[in-house]
Amino acid sequence: MAHAQSKPNWFAIGISAAVVVVLVALGAVVVWLNNQATDAGPAPKGDIVNSETGAITFGEGEDVVSTYVDFMCPACNSFEQAYGQQLQEAAASDELTLEIHPIAILDHLSQGTDYSSRSAAAMYCVAENNSDKALDFMNALFANQPQENSTGLTDDQLKEIADQVGADKAAGCIDEGTYLKYGTAQAKAHEIKGTPTIEINGKRLDINEINTELPKVLS
């Protein structure tokens with residue numbers, strides 16, 4: 001006696017296919033969300049901006065001093081008070097090359113306003129649109145540095161500071177938040193764990209080396 005030929009269970013097949021489609025769609029959503037979270041956004045451009053490394057560069061000296069700073073960081077302000085003027089003067093006379101990297105690692109200390117990211121973005125806006133005023137703007141940011149765990153400066157205040165130093169062309173870029181993600185992305189790309197982080201000719205200094213190695217370059 002011949003066995004009855006089993007019929008395919010189209011309902012089960014349909015359900016399985018639907019589950020596969022849903023899983024593929026969920027996977028695509030997860031990938032998209034991850035890409036959004038890690039997306040650096042557009043890279044700043046300009047005569048003094050390296051779009052690959054994020055460095056804002058001054059001077060053409062043989063020795064290269066790279067500083068990674070967060071504008072909410074008190075220790076960065078202290079570093080600028082100790083060495084900023086000397087570094088900027090040495091860069092102006094081409095005794096060294098000064099690379100400034102505005103990064104953002106302290107957004108959690110501005111009560112949800114992401115001040116570190118906004119101020120880093122504003123610095124890139126000025127470097128791109130008013131390159132000759134970039135150092136003046138940076139110095140003004142440190143002179144007006146908000147306290148940690150405050151809301152930081154507003155975008156209007158950042159634009160006002162830019163206007164005061166003659167960087168009025170940066171206003172639209174600051175308003176649009178063009179480089180809002182860039183500071184965080186650069187901190188991750190350069191593996192910055194604390195600020196200020198200082199490098200001389202590509203060698204990263206530990207905190208105890210700054211006061212011994214940096215004066216050698218400046219002497």
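**Sheet, cavity and disulfide**

Mentor: Let us begin with Phe58, which stands opposite Leu98 in β3. The model is predicted: local features need pLDDT of at least 70 and side-chain atom pairs count only at pLDDT 80 or more, while totals for chains, interfaces and linings use all residues. Residues are numbered from 1 along each chain as its sequence is written, and side-chain values use heavy atoms, with hydrogens and water left out.

Trainee: How do you know that β1 is joined to strand β3?

Mentor: Three bridges join β1 to β3 (residues 97-102), and the two run antiparallel. Pairing asks for at least two bridges found by DSSP, so β1 and β3 count as a pair. Strands themselves are DSSP runs of E, at least two residues, and helices are runs of H or I, at least four residues, both numbered from the N terminus.

Trainee: What is the order of the strands in the open sheet?

Mentor: The five strands follow the order β1-β3-β2-β4-β5, with mixed pairing. β1 (56-58) and β5 (203-204) are the edge strands, as each pairs on one side only. Helix α2 (residues 74-92) packs on this sheet and touches β1, β2 (64-69), β3 and β4 (197-200); touching here means heavy atoms within 4.5 Å. The direction of α2 makes about 150° with that of β2, on a scale from 0 to 180 degrees between N-to-C directions of lines fitted to C-alpha atoms, for helices over the stretch in contact.

Trainee: How many cavities of 30 Å³ or more does the search find, and what makes a set of points a cavity?

Mentor: There is one of 30 Å³ or more. The largest cavity has a volume of about 40 Å³, and its lining includes Thr67, Leu98 and Met138. α2 gives the most to that lining, with four residues.

Trainee: Why are Cys125 and Cys173 called a disulfide?

Mentor: Their sulfur atoms are 2.0 Å apart and the cut-off is within 2.5 Å, so the pair qualifies. The S-S torsion is about -70°, so this disulfide is left-handed. Cys125 lies in helix α3 (residues 115-129) and Cys173 in helix α6 (residues 171-176), so the bond ties together parts 48 residues apart in sequence.

Trainee: Is the peptide bond that joins Thr195 and Pro196 cis or trans?

Mentor: That bond is cis, with omega about -5°. Pro196 lies in the loop between α7 (182-189) and β4.

Trainee: What is the phi of Gln111?

Mentor: Gln111 has a positive phi of about 55°, although it is not a glycine, and lies in the loop between β3 and α3.

Methods:
1 Å grid on protein atoms, 1.4 Å probe; cavity = no way out; pocket = protein on both sides within 12 Å on 5 of 7 lines; lining within 4 Å. Points joined across faces, edges and corners; volume = space filled by probe spheres on them.
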